[in-house]
Amino acid sequence: MSEAGRFLIYCIEMYRRAKHISGRAAYELFRSTGADDYVRRCYGALHTTGEQYILSDIEGFMRSH
């Protein structure tokens, strides 16, 4: 698995914990909004930031899509 793929799993798990939802629900939300592709495309920038920034960025992306 690629680094971006591992990071995507990390982001989904982090989002799941923050929102108190199941892993499946988090995964489906990432897929339905395109956040999974976004995280992979932006891996280079996102993985250098902190959890709060990552969550905020993903939430902002989801709201706009």
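This is a predicted model: local features need pLDDT of at least 70, side-chain atom pairs count only at pLDDT 80 or more; totals for chains, interfaces and linings use all residues.
1. Helix H1 spans residues 3–19 and helix H2 spans residues 23–33; their axes come within 9 Å and cross at roughly 120°. The crossing of the two helices is right-handed.

2. On the H1 side, the contact with H2 is made by Leu8, Cys11, Ile12, Tyr15 and Arg16. H2 contributes Gly23, Ala26, Tyr27, Leu29 and Phe30. By class, the residues of this contact divide into 8 nonpolar, 1 polar and 1 charged.

3. The loop between H1 and H2 holds histidine 20. Its phi is positive, at about 55°, although the residue is not a glycine. Histidine 20 is exposed, with a relative accessible area of 73%, which is over the 50% cut-off.

4. Ala26, Phe30 and Thr33 are the buried residues of H2. Viewed down the helix axis, they fall within an arc of 85°, so they line one face of H2. Arg24 and Ser32, on the other side of H2, are exposed.

5. The buried residues of H2 pack against H1, and also against helix H3 (35–41) and helix H5 (51–64). Two of these buried residues, Ala26 and Phe30, are also listed in the contact of H2 with H1.

6. After H2 comes glycine 34, which has a positive phi near 85°.

Key:
Residues are numbered from 1 along each chain as its sequence is written. Side-chain values use heavy atoms; hydrogens and water are left out. Axes are lines fitted to C-alpha atoms, for helices over the stretch in contact, and angles run from 0 to 180 degrees between N-to-C directions. Helices (H or I, at least four residues) and strands (E, at least two) are DSSP runs, numbered from the N terminus. A crossing is left-handed if the near helix is turned anticlockwise from the far one by less than a right angle, and right-handed if clockwise. Contact means heavy atoms within 4.5 Å. Ala, Val, Leu, Ile, Met, Phe, Trp, Tyr, Cys and Pro count as nonpolar, Asp, Glu, Lys and Arg as charged, and the others, Gly among them, as polar. Buried means under 20% relative accessible area, exposed over 50%, partly exposed in between (1.4 Å probe, protein chains only). The arc is that of the directions from the helix axis to the C-beta atoms.
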